[in-house]
Amino acid sequence: SFMLVVDRSGSMTEDGRWTSMLSALTGVTDTLDGMVDFGLMLFPAPGLAACAPGTVSVEPAPNSASAIRAALETWDPLGGTPTAMAIAEAGDWLMASNPSGSNYILLATDGGPGCNTGLDPNTCECIPGANCECPFGGSLCEMAAQNCLDSVRTANAVLTQRERGIKTFVVGIPGSEVVADLLDTMAVAGGTAVGGQHYAVTSESELIDALSSASGSTIPCEFPMDTVPSDLTSLQVTLDGQSVSRDETHTSGWDVVDGNLKLYGATCATMRNGQPHELNVQFDCD
């Protein structure tokens, strides 16, 4: 199960960000439809308060691309950025619905997390570009607190999911550069950092590449075999119609280990490049 947790805060209306996100997400889910069980959570939750936790718009399932497209086209960006609550909600949903399976979260956001009214707007670090001033107190301070940078709680939410076995990929789109260090910390906590960093993108094409790379990396390179031939020289493996050689050094190609067919090196990388592939394994049963 692969939950797409997508920021639909008001800032996503700027510079065509929402349009690029919609195009990239639908393109990737269309490409990998049937290979990855994609689901969708939008935050803040559509139709509710500005800081409402995310809700699952599409449950992770095979062939869910069309439902994800419809959900993204239904709702426009609006509200704040309750990232920590969305991550926690997504994790709880995955654990309840798929407790023994492989679960992943992909967070796509354009800015710093907020919506933590437990922070003091007069002393907190403000989300870059937002206003946290609250000189007169009262209910206005609760609104101002929504603009405090909710860094600790959000990083901890990602770490909590990792401890539950749920990895979180972090994709920062244009606008998120000002909180790049925090997104890097979240990617490390989520167990998906590449060179200590999150997926930072500056264009729609880079966004497509990042989404494909993240989702494609969850494709397995190990497959259980119901029957293992006694003579492995009779086993023939092809990937997309091209013969793949056995490699007992496990540098590249394939081998059978403990009853599982395993792919290594460039062969595994090809399987995980975000494109659909056909792996065929056959041998002479006699």
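## A buried cysteine pair

C124 is buried, and C148 is buried too; here buried means under 20% relative accessible area, exposed means over 50%, and partly exposed lies in between (1.4 Å probe, protein chains only). The two cysteines are joined by a disulfide with an S to S distance of 2.0 Å, where a disulfide is counted when a pair of cysteine sulfur atoms lies within 2.5 Å. This pair links distant parts of the chain, 24 residues apart: C124 sits in the loop between β4 (104-109) and α4, and C148 in the loop between α4 and α5. The angle about the S-S bond is -75°, and the link of C124 and C148 is left-handed.

## The model behind the picture

A word on what you are looking at: this is a predicted model, in which local features need pLDDT of at least 70 and side-chain atom pairs count only at pLDDT 80 or more, while totals for chains, interfaces and linings use all residues. Residues are numbered from 1 along each chain as its sequence is written, and side-chain values use heavy atoms, with hydrogens and water left out.

The mean pLDDT of the protein is 91, and 97% of its residues reach 70 or more; pLDDT is the predictor's confidence in each residue, from 0 to 100.

## Other disulfides

How many disulfides does a search of the whole structure find? The search finds 4. As a reminder, a disulfide is a covalent bond between the sulfur atoms of two cysteines.

One of them joins C126 to C132, with an S to S distance of 2.2 Å. Its torsion about the S-S bond is about 95°, so this disulfide is right-handed. C126 is partly exposed, with a relative accessible area of 21%, whereas C132 is buried at 7%.

C221 and C268 also form a disulfide, with their sulfur atoms 2.0 Å apart. This pair links distant parts of the chain, 47 residues apart: C221 lies in the loop between α7 (204-216) and β7 (222-224), and C268 in helix α8 (residues 265-271). The link of C221 and C268 is right-handed, with 95° about the S-S bond, and both cysteines are buried.

## A three-stranded sheet

The protein has 8 helices and 12 strands; helices (H or I, at least four residues) and strands (E, at least two) are DSSP runs, numbered from the N terminus. Three of the strands make an open sheet in the order β9-β8-β12, with antiparallel pairing. Its edge strands are β9 (242-244) and β12 (279-282), each pairing on one side only. The twist averages 30° from one strand to the next, using axes that are lines fitted to C-alpha atoms (for helices over the stretch in contact) and angles that run from 0 to 180 degrees between N-to-C directions.

Strand β8 (residues 236-239) runs antiparallel to β9 and is joined to it by 3 bridges; two strands pair if DSSP finds at least two bridges between them. T238 stands opposite S243 in β9.

## The protein as a whole

Along the principal axes, the C-alpha atoms fill a box of roughly 85 × 35 × 35 Å. Of the 286 residues, 46% count as buried.
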